[in-house]
Amino acid sequence: MKGLGVFDLSGRVACITGAASGIGEAAAETLAAAGAAVVLGDIDGEGAARTRDRIVDGGGRAVAKSVDTTQAEQVSALVAAATDEFGRLDVMANVAGVGSYGDVVDVSEAELDRVLAINFKGVFFGCQAAMRVMVPQGSGSIINVSATAINTPVGGLSVYAATKAAVAMLTQSLAVEAGPIGIRVNTIAPGFTLTNFVGGHLRDSEGNVDAVEMDSYLKLMRDRSPLGEVCEASDQANLIWFLASDASRFVTGQILRANAGQSITW
Ligand SMILES: NC(=O)c1ccc[n+]([C@@H]2O[C@H](COP(=O)([O-])OP(=O)(O)OC[C@H]3O[C@@H](n4cnc5c(N)ncnc54)[C@H](O)[C@@H]3O)[C@@H](O)[C@H]2O)c1
């Protein structure tokens with residue numbers, strides 16, 4: 001086998017949301033390094049532009065747009081940028097998401113609406129916009145981001161976990177609809193992964209994370225892993241690369257878990 005073999009993404013076009021930070025940023029760099037032209041969206045438009053600049057400086061092809069994934073027309077515009085700039089869409093990675101912490105009895109309706117909109121509707125809009133291009137094309141790979149939180153109920157995570165369970169079921173349902181057209185749909189369900197997302201509930205009102213609390217949280221997460229590890233964004237990006245590539249050509253409707261064994265399930 002020469003070069004990247006079935007992992008080669010040369011000539012492919014990938015659209016990635018949440019590309020300013022963490023898993024989306026790492027996925028953008030990984031897919032671009034594998035040869036894909038990438039279209040990057042994030043509500044943090046400047047952050048997405050920074051990711052784009054690094055990829056372009058390294059010889060890759062990338063464009064960036066500011067996009068709020070809770071707005072269907074903005075997600076459609078992001079996908080349109082892929083077809084306008086690069087002529088097609090082979091991969092749609094719906095990565096953008098937020099955490100949410102609080103017991104059911106305390107969660108406000110505003111928080112419920114916010115998290116449902118970003119974590120579920122945003123992914124739904126991404127799937128819809130991608131399908132509108134991929135159906136006439138007759139091919140494509142859609143990759144959503146769920147979470148290990150769907151495996152084990154934990155107090156204080158109900159809203160987050162429920163939105164991520166919805167993403168997993170959306171993925172499986174869409175895989176059934178899209179399969180006959182030649183489109184694969186999968187989700188990754190990351191475990192604890194070191195990104196800006198982590199420590200959301202450890203921040204004070206000014207956004208600072210207490211180093212001692214962070215250390216004890218990291219220890220807790222490592223203790224839950226048979227490998228004694230926590231994941232890096234690149235670990236999740238590599239799984240996205242696998243799902244984007246022909247290496248996974250028979251994989252659809254699946255929930256893939258890079259979680260250092262934090263939860264082990266059928
Ligand atoms: N880090 C973890 O431990 C972990 C674990 C399980 C699942 N996840 C999931 O992975 C995904 C990526 O998280 P991350 O860890 O890279 O976090 P991150 O905070 O580093 O990145 C998330 C990105 O999403 C963007 N975003 C948020 N709301 C948006 C919106 N409405 N429109 C467009 N962009 C928006 C943010 O600006 C940010 O750049 C999320 O869906 C998250 O739920 C993360």
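The structure is a predicted model, in which local features need pLDDT of at least 70 and side-chain atom pairs count only at pLDDT 80 or more, while totals for chains, interfaces and linings use all residues. Residues are numbered from 1 along each chain as its sequence is written, and side-chain values use heavy atoms, with hydrogens and water left out.

Helices (H or I, at least four residues) and strands (E, at least two) are DSSP runs, numbered from the N terminus. For burial, residues under 20% relative accessible area are called buried, those over 50% exposed, and those in between partly exposed (1.4 Å probe, protein chains only). Glu25 counts as partly exposed because its relative accessibility is 22%, and Arg54 is likewise partly exposed, at 39%.

Within helix H6, Lys219 and Asp223 sit 4 residues apart, about one turn of the helix. Their side chains also form a salt bridge, the closest N and O atoms being 2.7 Å apart. Asp223 has a relative accessibility of 53% and therefore counts as exposed.

Another salt bridge pairs Asp90 with Arg88, with 2.7 Å between the closest N and O atoms. Asp90 is at 8% relative accessibility, so this residue counts as buried. Arg88, by contrast, has a relative accessible area of 30% and is partly exposed. The C-alpha atoms of Gln137 and Asp90 are separated by 8.9 Å, although the two residues are 47 apart along the chain. With 25% relative accessibility, Gln137 counts as partly exposed.

Turning to the surface, Asp204, Glu206, Asp210 and Glu213 gather in a patch of negative charge. Patches are made of residues with over 30% relative accessible area and no salt bridge, like charges being joined within 9 Å and nonpolar side chains (Val, Leu, Ile, Met, Phe, Trp, Tyr) within 5 Å. Lys and Arg count as positive and Asp and Glu as negative, while His and the chain ends are not counted. The place of a charge is taken as NZ of Lys, CZ of Arg, CG of Asp or CD of Glu. Asp210 lies in the loop between strand S7 (193-194) and helix H6 (211-223), and its 39% relative accessibility makes Asp210 partly exposed.

A nonpolar surface patch is formed by Leu4, Val6 and Phe7, which together have about 210 Å² of accessible area. Accessible areas come from the Shrake-Rupley method with a 1.4 Å probe, and for residues only the protein chains shown count as cover. Phe7 is placed in the segment before strand S1 (13-17) and is partly exposed, with a relative accessible area of 32%.

Some further residues deserve a look. Arg224 is in the loop between H6 and strand S8 (231-232), and a relative accessible area of 47% makes Arg224 partly exposed. Leaving out residues up to four places away in sequence, Arg224 touches Gly261 and Gln262. Its C-alpha atom is 8.0 Å from that of Ser263, a residue 39 positions apart along the chain. Ala260 has a positive phi of about 55° although this residue is not a glycine. Ala260 falls in the segment after strand S9 (255-256) and, at 11% relative accessibility, counts as buried.

Finally, Ala149 lies in the loop between strand S5 (140-145) and helix H5 (158-178). Apart from neighbours within four places in sequence, Ala149 is in contact with Leu157, Tyr160 and Ala161. Ala149 and Gly24 are 125 residues apart in sequence, and their C-alpha atoms are 19 Å apart in space.

Technical notes: Salt bridge = Lys/Arg side-chain N within 4 Å of Asp/Glu carboxyl O. Contact = heavy atoms within 4.5 Å.
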